[in-house]
Amino acid sequence: MKKIFMIEKREAQGCTLIEMAKRVDCSWGLLDALESGEWPCTHPHIAARIAKEYGLSVDEYNQIVHESHHVTSLPKPKPKPKSGGVYDAWRSGWPGEEADL
């Protein structure tokens with residue numbers, strides 16, 4: 001189901017999906033998938049950042065997280081983790097690996 005409330009709140013701030021994604025610190029594709037209804041929900045940590053930047057209410061927040069994560073007050077947003085993915089490990093070299101020269 002398309003989340004018109006998200007589109008209206010983003011547009012009221014004069015933001016494109018790309019601009020809002022930078023503010024939320026997530027991909028514009030994620031925001032597009034949520035707004036269009038392609039994805040019904042996202043992780044609560046991401047949803048908290050979305051709620052803050054879009055200005056969502058508790059009810060609107062609950063519409064973008066799984067029902068097992070519904071809340072009665074908005075959670076405080078946590079910053080996106082700085083690293084820890086496979087790409088970061090590859091880029092910096094695997095721990096304990098020696099380069100073959």
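**A residue and its contacts**

A: Leaving out residues up to four places away in sequence, Met 6 touches Leu 34, Glu 35, Ile 50, Tyr 54, Leu 56 and Ile 64. The model is predicted. Met 6 sits in helix 1, which covers residues 4–12. Its relative accessible area is 0%, so Met 6 is buried. One of its contacts is Ile 64. Met 6 and Ile 64 are 58 residues apart along the chain, and their C-alpha atoms are separated by 9.9 Å.

Next, the backbone. Asp 25 lies in the loop that runs between helix 2 (17–24) and helix 3 (28–36). Its phi is positive, at about 70°, although Asp 25 is not a glycine. Most residues other than glycine have a negative phi.

Now the cysteines. Cys 26 has 16% relative accessibility and therefore counts as buried. Cys 15 is also buried, because its relative accessibility is 11%. Both calls rest on the cut-off for buried, which is under 20%. A disulfide is a covalent bond between the sulfur atoms of two cysteines. How many disulfides does a search of the whole structure find? The count is zero.

Definitions and conventions
Residues numbered from 1 in each chain as written. Predicted model: local features only at pLDDT ≥ 70, side-chain atom pairs only at ≥ 80, totals over all residues. Heavy atoms only, no water. Helix = DSSP H or I, 4+ residues; strand = E, 2+ residues; numbered from the N terminus. Disulfide = S-S within 2.5 Å. Buried < 20%, exposed > 50% of the residue type's maximum accessible area, 1.4 Å probe, protein only. Contact = heavy atoms within 4.5 Å.
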